[in-house]
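Please work through each task before reading its solution.

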Amino acid sequence: MHIVICIKQVPDSAQIRVHPVTNTIMRQGVPTIINPYDLFALEEALRLRDAHSGEVTVLTMGPPMAEDALRKALTYGADRAVLLTDRYFAGSDTLATSFALSQAIAKIGETFGKPDIVFAGKQTIDGDTAQVGPGIAKRLDLLQLTYVAKIASVDLESREITVERRSEGGMQMLKSKLPCLITILEGSNEIRRGTLDDALRAARSEIVKWSAAGAGIEDLSKCGLRGSPTVVKRVFAPAARAEKAAQIDVTDKTPRDLADELIAQIFTRQPALEHELAFDGEA
Amino acid sequence: MSTANRETPPPAAGRAGMKKELPERFKHYRHVWVFIELERGQVHPVSFELLGEGRKLADKLGVELAGVVLGPPGEATWHAVAGAFAYGADLAYIIEDPLLAHYRNEPFTRAMTDLVNTYKPEILLLGATILGRDLAGSVATTLLTGLTADCTELDVDIDGSLAATRPTFGGSLLCTIYTLNYRPQMATVRPRVMAMPARTDKPVGRVIQHKLFMAEQDIVTKILGFLPDSQSAKANLAYADVVVAGGLGLGAVENLQLVKNLAAAIGAEYGCSRPLVQKGWMPADRQIGQTGKTIRPKLYIAAGISGAIQHRVGVEGADLIVAINTDPNAPIFDFAHVGIVTDAIRFLPALTEAFTRRLSPHNRDKLAS
Ligand SMILES: Cc1cc2nc3c(=O)[nH]c(=O)nc-3n(C[C@H](O)[C@H](O)[C@H](O)COP(=O)(O)OP(=O)(O)OC[C@H]3O[C@@H](n4cnc5c(N)ncnc54)[C@H](O)[C@@H]3O)c2cc1C
């Protein structure tokens, strides 16, 4: 089977700092990582390949340095990597991103064989939208299975797939058809370490690099800024609250005294709460 | 969210400076729509929260507010319609069809895009729930329009366009996003980010019924079954009135019991910061913050939590935030209302005991007399 997985290289946002005066992001020196949610999808793709044999192609759209993320994915065991990179893609919102990626997936299909499953991360940690996966599915007219907790079975003969999918208040068991697009829930598996062979192969691998033209994209008006219906008008830091927390003086007080004082403060500020808590406590 | 910086924005640059020239085909798009999320007979409360927000937008634009109800024939669907009116909708678009009994992407995407193409709303809001996110992405791509996810503030600009503000860069910054040349302007909002509006006594409005032009054999994906979450394991953090949470400052997994004890004593839900989930100390559905749950309790007690921006955005809607932290400079004291610089491990048992003393039935009777 052929599986395509879309990943994104993202700044490790835990390490991003905002400049206190200019309110701009200080990106210098911030390390990049593979979007953590994508790793669960990658692992699932690798497991399916191992069980059914076939190939995993990992795809990313990004600047030339996104090659690092692809190489990392190869060390985990992906078989092939495709980098979609072109200045025409700069400034893409989710609609333009899903267009570019879907075109590249179509080209991957022509070049290396049609994918049976396309994986995408549940969402990214920098954009956080969870929209690119469904966007790609729609563009390629693939069935879409998001928030999948478990792939129960894949039958390549009958082209059927059954999954457990998270929904509000429970798990849906769904049966669908291949080809489809899947996003995986975090925590559904644990990414493998990758073998020494994989690491050696990753170091030697030639990464397929496509520009917009290389991926067969003719209509550039659907890419990047021009292809993005949404417009970012303003970026700003959340305003600080006017006053800091009222501090309870802790000097020379026992925890018991402190606790009584805190509770008094709570009920002074929220008088209605006292009754509610009492009733809750009794129920 | 009231934290938006209201200063004059910097001069628009690049694409932001593009003049709005709405193409002719979009000029007749009118009204604000809210998708009323109905699953297994229940309306998700986020839909009512969105109606509250939608009402404000519709009033500013001088247009009508509509709820969109997609469900199976029967009482639950009409109940959802009545709910939409009670929370402020002027009218409801409804598609009643057995194929809409349980959520599947295919019929719901078809139903929603058909309605939009037929009745042409200028704004379409959905809850950023599992269902809402699955549906919104497909609908926006089908319609080739803009979609802004997880907004924390919605407003109407002077020229009438939707200004959708959302966190960016892992929550460190906010950005305001417009969909200038396409309609509808779509946005999702997470549960509990907007306040629940008051329920009105006049649950009446116009109903416009539409059909789902689909048959079961048109739908490839089949539902084999549904496994409800066991009640016991289910955390209802988002809608709890009181939440007690612990962070890394608690030091060891055993100390989480102190948080659970306090929560049990006052009938609260308990939660945690993200590192605890990453360590496997608590399940993911107890995580509070940007990548966890947004909460809006009357009282939030945070013990041993530093108050990183990603945590802050999830708790800012709380009426009263109490922070217990050993570090007087912890960022949590910048947005908590009451702070106490002390060791949570020693303090939590004392607090639990003090609450128990104060709230014992005996004591309550005494207070009442
Ligand atoms: C993309 C992204 C998304 C994220 N999403 C979330 C999210 O949804 N929710 C979330 O919470 N975080 C999230 N984070 C993580 C966030 O940035 C912080 O790392 C996290 O909130 C810190 O957790 P903490 O406060 O428990 O731990 P720490 O930052 O380690 O703070 C521990 C605090 O405990 C105090 N302390 C130590 N000992 C004691 C004691 N005995 N008694 C009292 N206080 C004590 C310390 O002074 C310190 O302030 C996210 C990060 C990223 C990059």
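Two strands pair if DSSP finds at least two bridges between them. Helices (H or I, at least four residues) and strands (E, at least two) are DSSP runs, numbered from the N terminus. This is a predicted model, in which local features need pLDDT of at least 70 and side-chain atom pairs count only at pLDDT 80 or more, while totals for chains, interfaces and linings use all residues. Residues are numbered from 1 along each chain as its sequence is written, chains are lettered from A and ligands numbered from 1 in the order in which they are written, and side-chain values use heavy atoms, with hydrogens and water left out.

**Exercise 1.** Determine the strand order of the open sheet of 6 strands and its edge strands.

*Solution.* Step 1: the order is β15(A)-β18(B)-β17(B)-β16(B)-β14(B)-β15(B), and the pairing is parallel. Step 2: β15 (246-247) of chain A and β15 (269-272) of chain B are the edge strands, each pairing on one side only. Step 3: within the sheet, β17 (residues 320-324) and β18 (residues 338-340) of chain B are joined by 3 bridges in the parallel sense. B:Ala323 has B:Gly339 in β18(B) as its bridge partner.

**Exercise 2.** Describe the interface of chain A and chain B by its residues, buried area and polar pairs.

*Solution.* Step 1: chain A contributes 85 residues and chain B 96 residues to the contact (heavy atoms within 4.5 Å). Step 2: the two chains bury about 8,300 Å², with 59% on carbon and sulfur atoms; buried area is the accessible area (1.4 Å probe) lost on being put together, summed over both parts. Step 3: the rule finds 7 salt bridges across this interface, a salt bridge being a side-chain nitrogen of Lys or Arg within 4 Å of a carboxyl oxygen of Asp or Glu. B:Glu353 and A:Arg256 form a salt bridge, with their closest N and O atoms 3.8 Å apart. Step 4: helix α6 (residues 255-269) of chain A gives the most to the side of chain A that touches chain B, namely 12 residues.

**Exercise 3.** Which strands do 6 bridges join between the chains?

*Solution.* Strand β14 (residues 230-236) of chain A runs antiparallel to strand β10 (residues 173-179) of chain B. A:Phe236 stands opposite B:Leu174 in β10(B).

**Exercise 4.** Explain what the salt bridge of A:Lys177 and A:Glu160 ties together.

*Solution.* Step 1: the N to O distance of this pair is 3.9 Å.

Key
A polar contact is a pair of N or O atoms within 3.5 Å; within protein, one must be able to donate a hydrogen and the other to accept it, and residues adjacent in sequence count only if both atoms are side-chain atoms.
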